[in-house]
Each structure stands twice: as C-alpha cells, then as structure tokens.
Amino acid sequence: MRKLLSFLFCFFLLNLHAQKPEKLNAAEIFQEIKKLNFLGSVLYIGAHPDDENTRLISYFSNEKNARTAYLSLTRGDGGQNLIGPELREQLGLIRTQELLAARRIDGGEQFFTRANDFGYSKTPEETLEIWNKEKVLSDVVWIIRNFKPDVIINRFDHRTPGTTHGHHTSSAILSLEAFEAAANPNKFTEQLEFAETHQTKRAYFNTSPWFYGGQEAFEEANKNQFVSFDTGVYFPLLGLSNPEISSLSRSQHQSQGFGSTGSRGSQMEYLEPIKGDTIRSQNVFKGIDTSWSKLEGGVEIGEILTQVEENYNFKNPAASLPKLVEAYKLIRELPNEHWREVKTKEIKNIIYSSSGLFLEAVANQASATARDSVQINLEAINRSDFSITLSSVELSPNNAKINPEIKLENNENWQNEITLKVPENTAYTTPYWLKEAANNGMYKVEDQQLRGLPETPILTKSLFNLDFNGVTLSFEKPIVYKYNDPVLGETYQPFEIIPEVSLSFEDEMIIFENDEPKNISVKLTSGKANVKGEVSLSAGEGWIIEPKNHTFQLQQKGSNTNLSFEVIPPKDQNETFIIPTSIIDGREFSEELISIDYPHIPKQNLVVPSKLKVARLEIEKKGELIGYIEGAGDVVPESLEQIGYRVNKLNAETISRSSLQKYDAVVLGIRALNTVEALKYKQQILFDYVENGGNLIVQYNTNRGLVTENISPLPLELSRDRVTYETAEVRFLAENHPVLNSPNKISKKDFDNWVQERGLYFPDSWSEDFTPILSMHDKNETPKNGSLLVAKYGEGYFIYTGLSFFRQFPAGVPGAYRLFANMISIGKE
Ligand SMILES: [Zn+2]
C-alpha cells in the first residue's frame, strides 16, 4: 500500500494539468539529462505566491540541476486581483495556477499547505492563532518527508516578528520546526504509514538588502557568515540569462501585476546558515553526495548516464535511446523507493522526448457529466528509428482498453477511437481543497495523500503501454480537449467532469431594506443535452418563497434559463442563505459551476455549493443621490444601490462645482487618492462642495503613494494603523454624535459578524475640527481612534474612514450598512 501511494505523490507533482503538451527540443532534453545525473534537492519556503525568489529557484534548477521546489504556505487568497473580479478562494485558485505557470518556466515544483491567506496579520502569534499551527506544521513536515530536500531555504527571517506580515515570519518559524519534526519518528506518526522520516542537512535564510532597510545598510553589514554566489549566469543552450528566466517566471503573477523585465550580468544572492551543519561553503551542497553512486545499485546507472551526457548528439537525441532504456531498467530495480520514483519520472520524460514520441487522448467535447459516453481520439507517433511497439491503451476512470500491438514505424501516425463511459459516481473536476467550506484559517482536506499537492490529481486519463525493444514503458496522459481557434490556432483545455445542471444567482448578496418582497432569479445551465426536472429555493426561518418549485427543460448542452421566485423577508432584521436545489431523474443537484479562464493559465473549473446571501435590514436613510468616484475598485456603489440609493459613478477629470451640487453625498472609492491622478488637481472642487453644504466621504487610502498631499480640507495625517481582528471590541468615543444616532441608532451589535478586519490605514493625527467617533485596537496595542473621523467644514461635512466597508458590504453585514447610511444622512433634515 505504502509503495503505491508514495508513487502517486511523486507522479502527480509533476503531471500538471494539461495545457499544451510539453515538447522538449534537443537543448532542453540535454538539460534534463544533466538534471537526471544530479541527485540533490532544495526546498524554498515562503508564505504567499509571489514571495518566492525566482532567481534562486531558477538558479538551483537550471544551473545546479537540483530538484527544486517552492512551498508557499498559502495560495494567496487574501490578495488583490488586477486582472478580473475573482477574489478569495477563486483568486487563490488563479494564484495557484500562476505559481504552476511560473514553475513551468523556472523548472521548479510547487507545494502548498492547507493554510488560508486570511488577510493581513501583524505578528506570527496572531497568524498561528488563526491558522491551526499543528496542522500547518504537519503539512510542512509531510512535504519535507515526501520531497526529501537536502537543503531548505527560508524566504523570511524567523527572528524578527513584527517587521513584516505575520504569515511571512510564521513561514520561517514553521520551516525550522518542521526541519526537526520531519526527522523525528515520534512526530506526526500518522504520516509514517505513507512516508518515511527525513533529515534535511541544512537550512538557510535568503537574506537581502530588503531585510536591512536598503542597499546601503546591507553593503555595510557584516556578511562574513553568509554564503554568497553569483546567480547572473547565462545559459547558452536556452539563450537566456538566469535573471531573464527569473523575470519570465515572476511575470506569471499577472493577477498581482508583477510583470518583470529581465536583466543580464552579475546578480549576487546571499544565504545565512541557520540550521543543521551550518557549513560556510559557497556551495550549498558541499559535503552532500549528489551522485548516482550514493544509491545502492546506483554506480552502474551513473556510469551509463555519464556516457549519455558526454556523448549526447544534439542532431539526433534518439541516438541515446539504447543507453537510456538500459538505465531505465536499472532505475526500476533501485531499492531506494524515493529516488526510484523521482528518477523514473525524469528518465521517462527524456526517453519520450528523445524518441520524438507524441501520445495524446483527445475528447470530442470539453466536458461530460456522470453516465455520459465520450468519444476519445487517440494518437501515437514515434519519430525515431528505435523499435517501439504500442501494446495497449487504457482509459481511466472506466478501464476501457484496446490492444493494437502495433510497431510504431518512424514518423508513421497511428490513430484510433475509444469510448469513455463516465461512471455514475465520478467526482466533478474541482480543486480538492475547495470541496468543503474552509473554517477561518484552514482549508479542510481529509485525505492525507492530497495535502501539499498544488492541484487535484487528474481522474480522466489515458495510459499508453509501449514496448521499447523488450522493455515496457507506460506513459500516462490526461484526456484533453482541443480545438482550432481562428486567431490563436491550436487551443488546449483540460477535459472536465461537470454537474448535469449548474445553479447560480446573479448577485452574491441581496439586501432587503424593508419588508417589501423581491423577485429573485436562479439561473440554470445544463451540463448535457435534454435535461428536465424541477427547481426549488429554500431559506432560513421567517422567509417565504413562492412558488414552491418550477419545472424546466433544457434541450442543448450549455443552454440556460432563468426562473424567478418571489422572496418575502421577515419583519425584523435577519440574515440567511437561499439555497437552490434541482431534481433531475430523482437525483439532487445544488452546485454552481464556475469557470475561470485567462490566457496565462489553464482553464479552471470550480464546482461549489450554490447559495445567495440575503439580509433583511432595519435601516433608515436620508438623501437619495450619491456621486461615487471609483478608486482601486470595490462594490460599494452596487451595495449602496441595494439599500435604495441612486449612485452615479463620476469621472474625477470632469467634475465641476456645479455638477456636484445635486448630490446628497460624494463618496471616494478605496484608494482613490492613491490611484486617481485627476484628484491631484480636483480636490479643491470637492472641498468647495463640502463648504457649500455637501457631504464628502473618503474611504481608506494607503499613506504611501498618494497622488496629492491635499487629502482633507482640515489637517489630517494618515498612518499605517490598522485593526486586523474583525472581532476587536469597538468603543464609542462620541456616543451622542449624530453619526451614531441618526437616522439609525448604532449599537455594539452593529459591529457583530464583521469579516476579515475592522479597518486599515487609519489617520493618527487630526485637527480639533474632527470628532473621532470610534476606538478599537488589536491585542497588545494602544487604542486606535482614527477609524471614523467626522468634521463640520463650512456648511457641510467631511468624513474620513478607514473602516473596511468594502469588505463588509459584499458579506451582507447589516451594521456596516446602517452606519454608512448614517454617514450619508448626516446634516440632513
Ligand atoms: Zn507575502
């Protein structure tokens, strides 16, 4: 049992979801042969996608030929998204794929833990309180026990909590704890059924000028104890410098806007030894045997493969095949299971590429549902003179098999068809860590074998069994879908298993600002042809939904229909989820299929429970028309419309004194003063609007990178003060202030169920004209009183708030709506 599972772990790490099949050229095959002859490994550890130093990963992979991996504790769910609307889990999925795309370029592998990127955290104590520390540590240990690194490199310093994101410091702390625990047979014993303990030789901290506050300070620092080396090497075989590869890799973080331009020439890196036999050699593998001879049965393999490397023929890589197949046979006999499986995978890839093999299983449709039959077109070709016979092809998951037993003659294409019958209970194609709802800081993954993996192992695949002159080699290929795009040409997609019907709502959340009923539509999209059934909605107590159900019929796969229900809210303030259920042929469906498709990553499918948050608010408001100047992007305008305001989005460049007069309030979107250039010279118009009786509400801006210093008509200074605990107690400093009393009486209850954080970048000093309304703080910190500041200015009001309304609104937090309505209403009869 253990053997098989360990094999799977290795296999799936390397067999990434299909986009275009990898076809190595002669130079790349040679690179892979050099890697085959190096038996050493490096694990780089950070907290987020984009923390990793791609220069170093590429250097170890391409210059040292080491097996190199990046362990990002989280998938970066808490970040921002510059390329589309996806946030949270969906953003985490995009960033997972961006890391995999980066690794395809720099040659590394990729791992994650179950830790969720829950947003900013000031200290490792706070981080490890929100994450389940034991579980994250267990995952790091698991990855070390499976990957078996000789060397671990931390991106962050474990000794300086509080100087960077708490996730960062935590990654370094956990790395060092795992360094020891992975070698300890008494730690995480449940893993030992599947993996052996592993002793990493040494660990380093990848220091840089950043950790010293700048280049100058770093140059003066004592670097005697550091390992340093030049990573600016040039690879003539690839026509690229290491920093150029690194930039191509880094530029895959498109959602984070990390496009990077490559450089050439020397590029020093510094490693500070922090654990293990802290050796001072410039070679991090010093004293570690990285040759074949370290393995029982390895000497002979090493001799054969040294010849392959030395005699490699760039004009005819197939000339190496006899030796490669001989080495393959010996590798399969290695008693060391770990290296046997790692090197099997590597040498198979080399044999595949050297023989110019192309094996593919293409579905005639992009997706299928359980019980569908799908035609799979098979193709096999050998572009070498080596004697290769195609013995058989098998499909998963239904084990359909054909046995052609045909010799693949040089450059003669073999094609065939086979039917995939998708079994009744085949799982949907969806990320394994999103199958169950996450709780706070952790994703739930019951299956130990799945933990650490970047993505879900592919279920729908083909296995080509080939005979290489008497030696059997099996190549597993995921079933893919491809089509010809008139503009882009040959386009690949993963083949996916989807539900028979997808149920979705247009909005994530709907507010009932009074007890008027609303019509809510559920959209049904069919996953196959000729679907008919019925659909109903359910909600919490007190909510009435009519009719009980609708019947529907969808003829074509992919067609959709909207069915409308009347939803009557309860009389009192109340929150619930509306859950749709469809019944087709006696089977229940309640999921939404979400597709994420960007050119730089493979298309992703996500099958999640469908639900719509609804909230009945007890809310009063004054004023009707709001002008909104968008900043970095938020859904505040749509949210204000939900509670009955009319919102006009304003172009800051064209605002004028007269055009603003009609608005009951003007609101600046988040980071508008960081992102809207026109506010450099239009601020005075906004201030004049206030002076003449208007009401200006400015949401948070970062204190660095402001387009203007002129952020307020009255003295006000921004700081980096933030309150990251969404449950931090809120005290009222100005209990009788209108903003807490009219038209809605705000109480402590209005600060219940906030999400992610209270707020950020609060001002820390302001003129006496401002009234600070609220006080709050994180643990062990002084009270922060700048989260909501209100000043009368001329005839109107100026309000500055770092409270994170932009996070609370989409989550349907009633108190946030009530308080914002008061901010808009202030000064109005
Ligand atoms: Zn980070």
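Q: Where does Asp51 fall on the burial scale: buried, partly exposed or exposed?
A: Buried means under 20% relative accessible area, exposed means over 50%, and partly exposed lies in between (1.4 Å probe, protein chains only). Asp51 has a relative accessible area of 10%, so Asp51 is buried.

Q: What kind of model is this, and how are residues numbered?
A: This is a predicted model: local features need pLDDT of at least 70, side-chain atom pairs count only at pLDDT 80 or more, and totals for chains, interfaces and linings use all residues. Numbering runs from 1 along each chain as its sequence is written, and side-chain values use heavy atoms, with hydrogens and water left out.

Q: Which residues coordinate the zinc ion?
A: Donors are N, O and S atoms within 2.8 Å of the metal (3.2 Å for Na, K and Ca); water is not among the atoms, so sites may look incomplete. Here the zinc ion has His48 (ND1), Asp51 (OD) and His168 (NE2), at 2.1 Å.

Q: What spacing do the zinc donors follow along the chain?
A: The pattern is H-x2-D-x116-H. Asp51 sits in the loop between strand E1 (41–46) and helix H3 (54–63), and His168 in helix H7 (residues 166–181), so the pair ties together parts 117 residues apart in sequence. Helices (H or I, at least four residues) and strands (E, at least two) are DSSP runs, numbered from the N terminus. His168 is buried too, at 12% relative accessibility.

Q: How many salt bridges does a search of the whole structure find?
A: A salt bridge puts a side-chain nitrogen of Lys or Arg within 4 Å of a carboxyl oxygen of Asp or Glu. The search finds 39. Arg371, Glu500, Lys528 and Arg587 are linked in a network of them.

Q: Where do Glu346 and Lys343 lie relative to each other?
A: Both are in helix H12 (residues 337–354). They are three residues apart, so about one helical turn separates them.

Q: Which parts of the chain does the Lys613–Glu575 pair link?
A: The closest N and O atoms of this salt bridge are 2.9 Å apart. The pair links distant parts: Lys613 in strand E33 (residues 612–616) and Glu575 in strand E29 (residues 574–584), 38 residues apart. Lys613 is buried at 11%, whereas Glu575 is partly exposed at 35%.

Q: What is the N to O distance between Glu757 and Arg722?
A: Their salt bridge spans 3.9 Å. Glu757 lies in the loop between strand E39 (731–732) and strand E40 (759–766), and Arg722 in strand E38 (residues 716–723), 35 residues apart. Glu757 is buried at 2%. Arg722 counts as buried at 13%.

Q: Which residues is Thr68 in contact with?
A: Contact means heavy atoms within 4.5 Å. Leaving aside neighbours within four places in sequence, the list for Thr68 includes Val42, Ile57, Phe60 and Phe147. Thr68 lies in strand E2 (residues 67–72) and is buried, at 2%. A polar atom of the Thr68 side chain lies 3.0 Å from the backbone oxygen of Ala66.

Q: Which residues does Val698 touch?
A: Not counting residues up to four places away in sequence, Val698 touches Leu668, Leu673, Phe798, Ile799, Tyr800 and Thr801. Val698 lies in strand E37 (residues 695–698) and counts as buried at 2% relative accessibility. The C-alpha atoms of Val698 and Val666 are separated by 8.5 Å, with the residues 32 apart along the chain.

Key: Polar contact = N/O pair within 3.5 Å; in protein donor to acceptor, adjacent residues only side chain to side chain.
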